[in-house]
Number of protein chains: 2
Amino acid sequence: MDTLERALEAYAAVLEPALGASLPEPIGQLARLHEAMRYSVMGGGKRIRPAFCFAACEAVGGDLPQAVPAAVALELVHTYSLVHDDLPCMDDDDLRRGRPTNHKVYGDALAVLAGDALLTRAFGVLAGADGDSSRRVAQITALAEAAGSLGMVGGQALDLFAEGSEGVDLPTLQYIHTHKTGALFGASCRLGGLAGGVDADGAERLARFGALIGLAFQIADDLLDETGDPAELGKAAGKDRSRGKATYPRLLGLDESRRRMEELDRKAEEIATDFGPRAETLVRLARFVIRRNR
Amino acid sequence: MDTLERALEAYAAVLEPALGASLPEPIGQLARLHEAMRYSVMGGGKRIRPAFCFAACEAVGGDLPQAVPAAVALELVHTYSLVHDDLPCMDDDDLRRGRPTNHKVYGDALAVLAGDALLTRAFGVLAGADGDSSRRVAQITALAEAAGSLGMVGGQALDLFAEGSEGVDLPTLQYIHTHKTGALFGASCRLGGLAGGVDADGAERLARFGALIGLAFQIADDLLDETGDPAELGKAAGKDRSRGKATYPRLLGLDESRRRMEELDRKAEEIATDFGPRAETLVRLARFVIRRNR
């Protein structure tokens with residue numbers, strides 16, 4: 001087992017129980033709503049955003065337990081966004097992480113509500129954490145910005161507008177990826193750093209690191225959609241292509257897309273390296289994002 | 001102009017500009033998403049939850065400006081819940097406040113995203129406010145609880161399960177109303193009190209006051225659906241009845257429903273009166289909720 005695998009195991013050991021405990025038990029009159037929430041949260045995600053959050057916390061000298069509420073909140077926000085994105089009126093996906101999507105199992109209405117409840121709970125988890133309240137307020141502010149209409153939701157909206165329309169150019173595609181994926185990756189690293197007690201400048205650098213990696217991650221996703229096999233993806237390969245969606249490989253070709261992805265990764269690694277040896281996992285995580293496509 | 005009208009004018013004078021300023025301008029690539037957000041927020045709501053928030057703040061000796069972020073956040077949460085509740089997969093309503101519903105104007109996908117963004121922004125507004133951060137954390141915690149799966153979203157889920165099913169009994173209906181409406185009314189008064197610097201016991205009493213009024217408000221809504229005219233409602237009268245939805249008048253009759261509503265109001269007024277003369281607007285607001293049905 002290599003260093004990164006060991007770190008990811010340590011992260012999972014603190015994250016998974018906390019994720020489960022953050023959600024109400026599926027009992028009583030609201031059992032089905034709470035089942036729907038758990039179905040998507042506990043559905044075998046790779047927990048990449050929490051991993052970046054934990055690694056950022058360690059990079060600034062913090063301990064894992066300090067970053068748990070932020071890691072939980074980030075995964076709840078990510079999960080809600082998947083549940084809503086998969087809805088028939090949005091991307092209309094039947095399969096996610098190799099299982100039927102939330103609305104295929106629980107119906108559209110409950111999927112909307114489960115997503116709403118997960119998003120709401122994310123802020124409750126952050127606000128209800130132990131520790132310095134001004135730090136919590138900073139985390140909530142950053143998460144709300146990254147997840148809101150000027151961040152993730154804005155990226156998703158632009159993605160919708162772009163769908164099917166010919167002539168999505170590279171700046172627009174980069175804007176979509178930067179907002180839809182980069183913003184929450186940036187917040188993951190920023191919130192982890194804040195949990196570990198980083199100063200304002202360090203928080204900015206971590207957010208910049210995360211945003212670069214988020215864009216690289218999305219290019220890797222585009223590449224996987226072109227070249228990956230469905231088992232690895234947990235969804236149908238070539239789906240973006242068959243929908244006529246703009247992707248990096250479609251606009252730039254495979255080689256140039258890989259080159260840009262690696263350039264983003266290199267820039268990100270430079271930032272991470274500045275944090276010294278404690279940032280080792282952060283650097284390894286950045287490389288892992290790229291490796292997914294090898 | 002009576003005392004309540006003057007208070008409501010003073011509230012509107014601080015709330016409306018703050019609501020507008022809390023939302024991004026509808027310009028640039030994301031113009032349509034931000035238009036969709038503004039369409040529902042600035043769509044002529046009665047601002048009842050903010051009014052209770054302001055009145056609760058005044059009842060404990062606070063000044064209006066202190067309660068503005070909470071009042072804005074509450075109205076954003078209320079608005080998002082309307083946008084999502086109106087969706088075709090939910091209540092499927094075409095008309096809201098006398099205008100086409102959000103998804104009729106902007107489409108289902110953008111209505112989902114606009115709702116998501118409004119909910120997210122609510123927490124951003126609270127977290128980004130001035131003042132004591134431990135107070136802001138308490139407000140965010142309370143709002144997340146009231147709006148989440150054990151509060152408003154849970155009530156909406158139960159309402160969905162109950163729809164069309166025969167035999168919704170009074171305890172279930174009360175549970176739905178208490179969660180779907182009472183929870184956010186309770187939070188409105190609690191957040192207003194917290195903004196004004198109330199202690200823990202006072203916050204609890206204000207939340208209890210709000211929960212009672214929220215239930216009374218919902219019974220008043222049920223009564224309006226039976227007896228009101230569409231112009232006053234801003235939506236089709238008799239819609240709940242024609243859908244076979246359980247309502248207080250259907251389960252208890254008009255007279256007994258009115259009696260219970262007035263009893264709730266009386267209990268609430270007792271709590272408000274304990275706060276002394278500064279709670280005058282709070283008491284008048286409680287009566288106003290009942291009067292809507294006269």
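Begin by selecting helix H3 (residues 48–59) and helix H9 (residues 170–195), both of chain B, whose axes come within 7 Å and cross at roughly 35°; bear in mind throughout that the model on screen is a predicted one. Seen along this pair, the crossing of H3(B) and H9(B) is right-handed. To display the contact itself, show B:Arg49, B:Phe52, B:Cys53, B:Phe54, B:Ala55, B:Ala56 and B:Cys57 on H3(B), together with B:Leu184, B:Phe185, B:Ser188, B:Cys189, B:Leu191, B:Gly192, B:Gly193 and B:Ala195 on H9(B). Coloured by class, these residues divide into eleven nonpolar, three polar and one charged.

Next, select helix H4 (residues 64–85) and helix H6 (residues 108–127) of chain B, whose axes come within 8 Å and cross at roughly 165°, which means that H4(B) runs roughly antiparallel to H6(B). The crossing of H4(B) and H6(B) is left-handed. Among the residues that make this contact are B:Leu76, B:Val77, B:Tyr80 and B:Val83 of H4(B), and B:Gly115, B:Leu118, B:Leu119 and B:Ala122 of H6(B); by class, the contact has 15 nonpolar, three polar and one charged residues.

Finally, bring chain A into view and turn to its contact with chain B, which takes 43 residues from chain B and 43 residues from chain A. On the side of chain B that touches chain A, the elements giving two or more residues are helix H2 (31–41), H6, helix H7 (133–147) and helix H8 (152–162) of chain B. Colouring the side of chain B by class gives 25 nonpolar, 13 polar and five charged residues.

Terms used. Residues are numbered from 1 along each chain as its sequence is written. Chains are lettered from A and ligands numbered from 1 in the order in which they are written. This is a predicted model: local features need pLDDT of at least 70, side-chain atom pairs count only at pLDDT 80 or more; totals for chains, interfaces and linings use all residues. Axes are lines fitted to C-alpha atoms, for helices over the stretch in contact, and angles run from 0 to 180 degrees between N-to-C directions. Helices (H or I, at least four residues) and strands (E, at least two) are DSSP runs, numbered from the N terminus. Angles under 35 degrees count as roughly parallel, over 145 as roughly antiparallel, 65 to 115 as roughly perpendicular and the rest as oblique. A crossing is left-handed if the near helix is turned anticlockwise from the far one by less than a right angle, and right-handed if clockwise. Two residues are in contact if their C-beta atoms, placed from the backbone, lie within 7 Å. Ala, Val, Leu, Ile, Met, Phe, Trp, Tyr, Cys and Pro count as nonpolar, Asp, Glu, Lys and Arg as charged, and the others, Gly among them, as polar.
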